[in-house]
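Q: I'm new to this one and would like to go through it step by step. Could you show it to me before we start?
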Amino acid sequence: MTTQTRTAENGVNVTALLGAREALSRAPEAARFKWRASSKWLRGTHSRGTVEGFFGLGGEQIHRSPYQFDLDHPEIFASEDNGATPVEFVLVALAGCLTAGVAAVAQMRNIQLRSVQATLEAPMDIQGILGIDPDVRNGFDRIKVHYEIDADASEEEIAALVAQSQKRSAVFDVVTNPTDVAVTTSKVDRGAPGELEC
Amino acid sequence: MLKRMAGYIDVIVIGAGHCGLAMSAVLSERGIDHVVLERSEIANTWRTERWDSLRLLTPNWLTRLPGYSYPGDADGYMTSADLCGFLENYAKSLAAPVVAHTAVLRVTHDDDGYRVATSQGEWRCRALVLATGAFNQPDTPRIAQGVPGRIEQLHALNYRNPEQLAPGRVLIVGGSATGVQLAHELQRSGRPVTLAVGEHVRMPRVYRGRDVQWWMLASGLLERRIEEEEDPDRARRVPSPQLTGSPGFTLDLNALREQGVEIVGRLVGIRDGKAQFSGSLRNTCTLADLKLNRLLNTFDEWLEHRGRSLGITARERFAPTAVDETARLGIDLREDVRTVLWATGYRPDYSWLKVPVVNAKGELRHDRGVVAAPGLYVLGLPYLRRRKSSFIHGAEDDARELGAHLMQFLDGSERGRSGSSVAPRSLQSSLPLTPVRRVGT
């Protein structure tokens with residue numbers, strides 16, 4: 001018997017989430033989303049990524065406003081450091097996804113969160129990307145994530161929150177499992193060149 | 001064994017395994033005329049589709065059927081051969097109307113009931129019970145197609161013993177009861193084993209001095225009903241626990257690791273002859289450890305509530321599952337592996353059932369065994385009505401409840417024939433719902 005009747009308030013709309021799960025299990029087509037991003041090269045290793053629209057629930061959707069992110073490399077790479085390094089974005093994305101999951105699962109389990117702090121570290125041997133040693137991979141050797149959580153819950157319940165969040169995390173899946181990546185190119189057509197010049 | 005010509009009968013049960021025989025017992029008690037059609041011999045699956053060393057995951061004292069229990073060592077675990085003998089003797093004691101060597105080829109339904117075409121002629125019946133089990137065909141993932149041709153592949157359904165396999169490394173895919181048992185056996189045979197493990201259920205063989213199945217039964221967990229589950233679909237998909245029928249022996253990933261088995265994450269892809277394993281192994285192990293501790297807490301709380309010790313030993317907890325810092329994320333099948341053994345589960349086969357009750361995924365549409373066609377029932381699927389539904393001792397309660405429903409159906413369709421307006425289909429909603437009861441809270 002539980003005597004605690006207070007409802008946790010983590011700012012997660014569980015009713016809406018459960019409603020969506022229920023609705024989408026009956027209409028699997030609406031569950032097919034497409035995430036999009038665009039990126040524009042600025043100068044050197046500096047580029048700017050933009051996200052705005054995505055597809056879901058059977059139609060085109062749009063963020064409240066477009067979001068832009070500057071990506072660059074640090075000065076020790078002879079770059080200008082106009083933004084975070086792309087691999088750091090991967091860490092940020094992983095943390096963002098897992099933390100959202102922690103909050104949602106906590107709400108579902110009626111656990112009040114007071115603070116959720118994640119720190120991430122991912123070793124990498126850059127001999128890989130520099131092409132020095134073909135046996136060294138380009139990506140991370142591994143990723144370590146540590147969560148420090150203040151909540152009305154036991155140590156085990158907190159561990160279970162974080163474990164369940166990994167189980168349901170899209171970015172965790174993206175980084176732990178292979179994904180087929182198709183990169184294509186097209187040349188920009190600058191109008192019929194040449195003929196008038198000869 | 002019955003010699004009987006095909007013809008008309010009230011009820012046909014398909015499959016003479018433990019469920020078909022339990023249903024036969026219930027129908028006989030109620031005086032319902034029926035036959036049990038069996039493609040081969042009683043307990044055929046146990047006889048021909050399981051590996052030699054297999055033992056039941058439940059101790060003998062728990063292996064019982066309506067009015068029948070095992071006469072031998074109560075604490076042992078039956079082999080397949082023991083179980084075949086057990087079921088044969090059970091059928092004899094019941095004088096069960098088993099029609100052997102009669103394979104069902106096709107079942108159709110019309111206004112008069114079911115037509116059951118068999119290798120020995122056509123039967124007709126008003127009600128039909130599917131007791132063909134959930135384990136008819138190998139469930140091998142599609143990525144198996146990527147395994148290079150030179151590598152031998154087999155599914156647990158076709159595995160008998162280590163000698164069947166070439167010497168050299170075996171990649172076993174799947175970490176539930178089958179996978180861990182075969183990993184143990186093959187590693188011991190001198191073939192190095194790599195075991196790819198996804199989500200799994202960890203369980204000690206013995207907890208606080210008692211078999212874990214004793215705790216499952218005593219604490220009421222095995223009686224838990226499917227309608228008490230928040231997510232019944234997920235509850236039905238839970239894989240079999242990492243157990244083996246060997247007294248006092250806990251066969252978990254730690255035991256395999258100590259034995260020298262290499263543990264890797266779930267097999268997620270095969271590309272250019274290389275198998276790729278998920279980097280989520282650590283979390284799947286954490287999830288299993290946390291779930292195990294929750295289960296043990298449930299047992300402890302139940303015991304405390306009960307307030308008697310019953311000679312049970314002190315509370316204990318098991319070491320967390322160890323995961324190698326350097327767990328491999330891939331393996332070159334062409335260079336390092338001789339055999340891939342799929343321990344990825346089984347699927348039922350309803351290809352012969354020409355009644356529109358099977359969904360696009362090949363699953364039967366049913367409500368706790370009452371299939372979505374008049375007078376059609378199924379038994380023996382995982383968590384059909386209760387957690388114990390797929391256990392041998394779970395057949396009795398399900399057979400009794402579905403037998404009662406079937407009886408009602410026969411009465412109704414009889415009245416229907418004599419002009420009453422009772423539509424058989426309406427009986428589906430009359431299935432008694434039991435009140436929701438939670439165990440351990």
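A: Let's begin with a pair of strands: in this predicted model, E1(A) and strand E2 (residues 46-56) of chain A run antiparallel and are joined by five bridges.

Q: And which residue is the bridge partner of A:Lys40 in E2(A)?
A: The partner of A:Lys40 there is A:Arg48.

Q: What sheet do these strands belong to, and in what order do they come?
A: They are part of an open sheet of three strands in chain A, ordered E1-E2-E3, with antiparallel pairing. Strand E1 (38-43) and strand E3 (59-71) of chain A are the edge strands, each pairing on one side only. On average, and ignoring direction, neighbouring strands of this sheet are turned by 15 degrees against each other.

Q: Switching topic, how many residues does each chain give to the contact?
A: Chain A gives eleven residues and chain B gives twelve. On the side of chain B that touches chain A, strand E16 (267-271) and helix H8 (281-306) of chain B each supply at least two residues, and the largest share, five residues, comes from H8(B).

Q: What classes of residue are on that side of chain B?
A: By class, the side of chain B that touches chain A has nine polar residues, three nonpolar ones and no charged ones.

Q: Back to chain A, which elements have the lowest and highest mean pLDDT?
A: Helix H1 (residues 14-26) of chain A has the lowest, at 81, whereas strand E4 (residues 113-121) of chain A has the highest, at 98. For chain A as a whole the mean pLDDT is 91, and 94% of its residues reach 70 or more.

Conventions:
Residues numbered from 1 in each chain as written. Chains lettered and ligands numbered in written order. Predicted model: local features only at pLDDT ≥ 70, side-chain atom pairs only at ≥ 80, totals over all residues. pLDDT = per-residue confidence, 0-100. Helix = DSSP H or I, 4+ residues; strand = E, 2+ residues; numbered from the N terminus. Pairing = 2+ DSSP bridges. Axes fitted to C-alpha atoms, helices over the stretch in contact; angles between N-to-C directions. Contact = placed C-beta atoms within 7 Å. Nonpolar A, V, L, I, M, F, W, Y, C, P; charged D, E, K, R; others polar.
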